[in-house]
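Visitor: Could you walk me through how some of the helices pack in this one?

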Amino acid sequence: MFDPKTVKKIDIHAHVLAFPEYTPFYKPGEPKSQWICAEDLIEMYDRLGIEAGVLLPIVSAEGQISPTPTEMTKYIVDKYPGHFEWFCNVDPRAFPNSPDSDLVSLINHYKALGAKGVGEITAPLNIDDPKMYNLFAACAKCDMPAIIHINFTLDKQYGMYDDLGLPRIEKLLADMPDLKLIGHSTVFWTEISGDVTEASRGQYPKTPVTEGGRIVELMRKYPNLYCDISAGSGHGAMMRDPDFTARFIEEFSDRIMYGCDICFATNQHPFPFVDFLEKMVLDGNISEENYRKLVRENAIRILKLDK
């Protein structure tokens with residue numbers, strides 16, 4: 001009998017601190033509010049059956065008390081060989097804050113050092129802002145997948161903006177067919193269901209998925225859209241309706257990638273999600289082949305990992 005625990009997973013969405021002794025707490029005076037360090041994340045990976053995580057730098061100031069630059073991420077990868085892969089990250093407002101900034105040279109610099117993609121992109125701009133388009137065009141030209149975080153507002157939040165129904169993402173996908181766009185965030189994943197509203201698009205719904213969800217429509221129409229099922233948003237989207245999830249994975253088995261998005265050592269959300277996925281394959285709701293794709297093989301192929 002197939003044992004899903006024998007398949008070592010790849011976490012495509014990881015964040016780590018290199019120097020926790022110098023980094024402030026998110027909540028002053030509360031050590032548990034500090035971002036996770038590499039040693040603690042590796043220990044959690046051992047319990048989750050994860051071989052390696054893809055580290056995502058955060059370079060935009062919004063939503064962060066202390067950004068994690070690309071160079072720090074590369075330092076961690078080199079310090080803990082075999083445990084991590086990495087993305088670079090570029091703010092679309094980078095030098096000199098222009099839609100004509102040469103971001104191709106910057107991305108290619110990091111790619112030459114071993115970066116496998118760009119993200120998590122969190123700058124609070126409209127998705128179709130010229131500076132954002134300049135960054136996405138650079139990602140496409142450099143053949144670097146991009147993980148995005150979208151939100152429902154540009155005020156007091158991090159993440160780029162799209163309207164209900166994701167029309168700006170659809171335009172981007174149509175305008176840049178060579179761009180490998182990896183969707184992530186609560187606002188992205190609420191669009192998996194056709195009943196999402198302006199009031200509910202930033203929430204974590206528990207109700208069954210209804211027909212007409214924009215994620216399904218966009219996945220069917222644009223082969224350059226991929227899914228990052230990390231965090232409470234991605235995990236919740238998969239766990240809220242197992243029957244729908246089985247069909248979703250079957251239809252899009254080549255473009256869905258497992259992730260955790262562990263930010264703090266206290267985060268426990270990845271553990272019930274692992275149990276959920278293992279039960280899905282053991283009960284025959286998803287095939288062994290698709291399980292392997294989901295938790296490991298898609299990440300290796302799409303991100304061109306050396307595994």
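Predicted model: local features only at pLDDT ≥ 70, side-chain atom pairs only at ≥ 80, totals over all residues.

Visitor: Let's start with α3 and α4. At what angle do they pack?

Guide: Helix α3, residues 103–112, and helix α4, residues 130–141, pack at an angle of about 45°, and their axes are 9 Å apart. That angle makes α3 oblique to α4, and the crossing in which α3 passes α4 is right-handed.

Visitor: Which residues meet there?

Guide: From α3 the residues are Leu103, Val104 and Ile107, and they meet Asn134, Leu135, Ala138, Cys139 and Lys141 in α4. By type, the residues of this contact of α3 with α4 divide into 6 nonpolar, 1 polar and 1 charged.

Visitor: And α8 with α10, how do those axes cross?

Guide: The axes of α8, residues 231–239, and α10 cross at roughly 30° and come within 10 Å. Angles under 35 degrees count as roughly parallel, and α8 and α10 are therefore described as roughly parallel to each other. The crossing of α8 and α10 is left-handed.

Visitor: What does α8 bring to that contact with α10?

Guide: Helix α8 brings His235, Met238 and Met239, which meet Pro270, Pro272, Phe273 and Phe276 in α10. The residues of the contact of α8 with α10 divide into 6 nonpolar, 1 polar and no charged.

Visitor: Switching to α1: which of its residues are buried?

Guide: In helix α1, residues 38–48, the buried residues are Ala38, Leu41, Ile42, Met44, Tyr45 and Leu48. Looking down the axis of α1, these buried residues fall within an arc of 160°, so they line one face of the helix.

Visitor: What do the buried residues of α1 pack against?

Guide: They pack against the strands β1 (9–14), β2 (50–55) and β3 (84–86), and against the helices α2 (70–79) and α10 (270–282).

Visitor: What comes just after α1?

Guide: Just after α1 comes Gly49, which takes a positive phi of about 75°.

Visitor: One last topic, Leu218: is it buried or exposed?

Guide: Leu218 lies in helix α7, residues 214–221, and it counts as buried because its relative accessibility is 0%.

Visitor: What is Leu218 in contact with, apart from its sequence neighbours?

Guide: Once neighbours within four places in sequence are left aside, Leu218 is in contact with Leu166, Ile169, Glu170 and Leu225. As for Arg201, it is 17 residues from Leu218 in sequence and 17 Å away in space, C-alpha to C-alpha.

Definitions and conventions:
Residues numbered from 1 in each chain as written. Heavy atoms only, no water. Axes fitted to C-alpha atoms, helices over the stretch in contact; angles between N-to-C directions. Helix = DSSP H or I, 4+ residues; strand = E, 2+ residues; numbered from the N terminus. Parallel < 35°, antiparallel > 145°, perpendicular 65-115°, else oblique. Left-handed = near helix turned anticlockwise from the far one by under 90°. Contact = heavy atoms within 4.5 Å. Nonpolar A, V, L, I, M, F, W, Y, C, P; charged D, E, K, R; others polar. Buried < 20%, exposed > 50% of the residue type's maximum accessible area, 1.4 Å probe, protein only. Arc of directions from axis to C-beta.
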